[in-house]
Amino acid sequence: MKKNILVVAAAAAAVVLGLTSCSGAGSDTSASGVTITFAHWGNNQEAATLKSMIAGFEKSHPEITVQENWIQSDYEQKLQTTIAGGKQPTVSQISNTSLASFAAAYQPVEVDPSAYYSKNISSSMQVDGKYYAVPFVVKTKVMAVNGKVFDAAGIPVPSADEPMTTAEFAQTAQKLTSGEAPNKIYGSARLWYGGWLNVEGGSLYDASGKKCTLDTDVAIKAADDVIAAQAPTGFAPTNLEAEGQDMFDWLSIGRVAMQPDFGPWDIAKVVALNDPSIKLVPVPGKGEPMEINGLGIAKSATPEEAKAAKTFAEYLSTDQAAQDLLTTAKSSLGVPVIEKSLDAFRSAAPDLNLQAFVTAVDQSTIVPSVKKDTQIQNDFNNEVNSRTALGAGKEAPSKVFPEANKACQAVIDGE
């Protein structure tokens, strides 16, 4: 049965492109002998996965050739350069957090939320109420824990299904902390402020992306909690102790008990470790920020290229054969966006609780896409790292954050 999930409005012509949810059958393959380009990022394993997807697509759609453009560093900067130079890829991978910065270069699309198992997936591809990309892969965060440390302390391992409250997490982490450097065992790896802000229920921006919210009580409390965690009497390593260290390595040897910022790209590490004491559970509280990658179709594409791009985007987004490839025991791009492929995702590492990544899709909130987010984030990080104990400073977040919020708002208002 067909389900239309994407309609591309071409700037030069009124071209309507309907996506179907079935592979090959029912697809519009009127584009004949056309070549399109596809830009993406990723490490060697991720790039190999995308190559296999492209190979599968070309096998089922021999009338379309996909030229791969693997951008291995500075992806967004180089993508912007191709757009400015009039050589934009026909299809390009784009993060929901960066979509606003590139929306003007993409053809508007219509996305049917019912094609995906969570409303968060489809809503991530919106800017000012319009869709500019079709969802492709979800990158949620979970928490990895070392059960041996819990057992040694006589504390139960956190639930595989229900997230801890932030208060429960802090109390548990403190109880798990013991000893003295250099052999000290920490209850948690260092907390990333950007992630902990979401865990506490806060955000850098409001839901519209038009207002900065760094002056709110929750934003300041999150900073105070992160600073307290890494204090000498806290439960996480200090900046100096963690410098140059891999927190997953510390988790694997029992130097830290919990790692709250664990992404799907690290699944292969746990599989290779083959240690049943390492378990995956939900992130505490409201969950960490969730990234969803989409596929945008160039506004500059000809009608023929746009039809081929639509067929390609359809395949990567909703075809089970493609979505089943997203995660294996050796590499993971992330969580599938269609329900039919969730079993394949979970079976990639059946001894791990990969369902925690799926659960996080609804637990997490979508961070609004803001055009100058990179500038705002850089300015904010420089400010708070230099002035507060989130970095090398000593000033109180309650003083610094309202000032940082004014600077953030000035950037947004000046767009």
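These questions and answers cover a predicted model of one protein chain. Local features need pLDDT of at least 70, side-chain atom pairs count only at pLDDT 80 or more, and totals use all residues. Residues are numbered from 1 along each chain as its sequence is written, and side-chain values use heavy atoms, with hydrogens and water left out.

Q: What is the distance between the end C-alpha atoms of helix α17?
A: Helices are DSSP runs of H or I with at least four residues, numbered from the N terminus. The expected span is 1.5 Å times one less than the number of residues. Helix α17 (residues 397–413) has 17 residues and so should span 24 Å; the distance agrees, at 23 Å.

Q: Is E305 buried or partly exposed?
A: Buried means under 20% relative accessible area, exposed over 50%, and partly exposed in between (1.4 Å probe, protein chains only). E305 lies in helix α12 (residues 303–318). Its relative accessibility is 25%, so E305 counts as partly exposed.

Q: Which residues does E305 contact, leaving aside its neighbours within four places in sequence?
A: Contact means heavy atoms within 4.5 Å. By that rule, E305 touches V34, T35, I36 and T90.

Note on methods:
Helix = DSSP H or I, 4+ residues; strand = E, 2+ residues; numbered from the N terminus.
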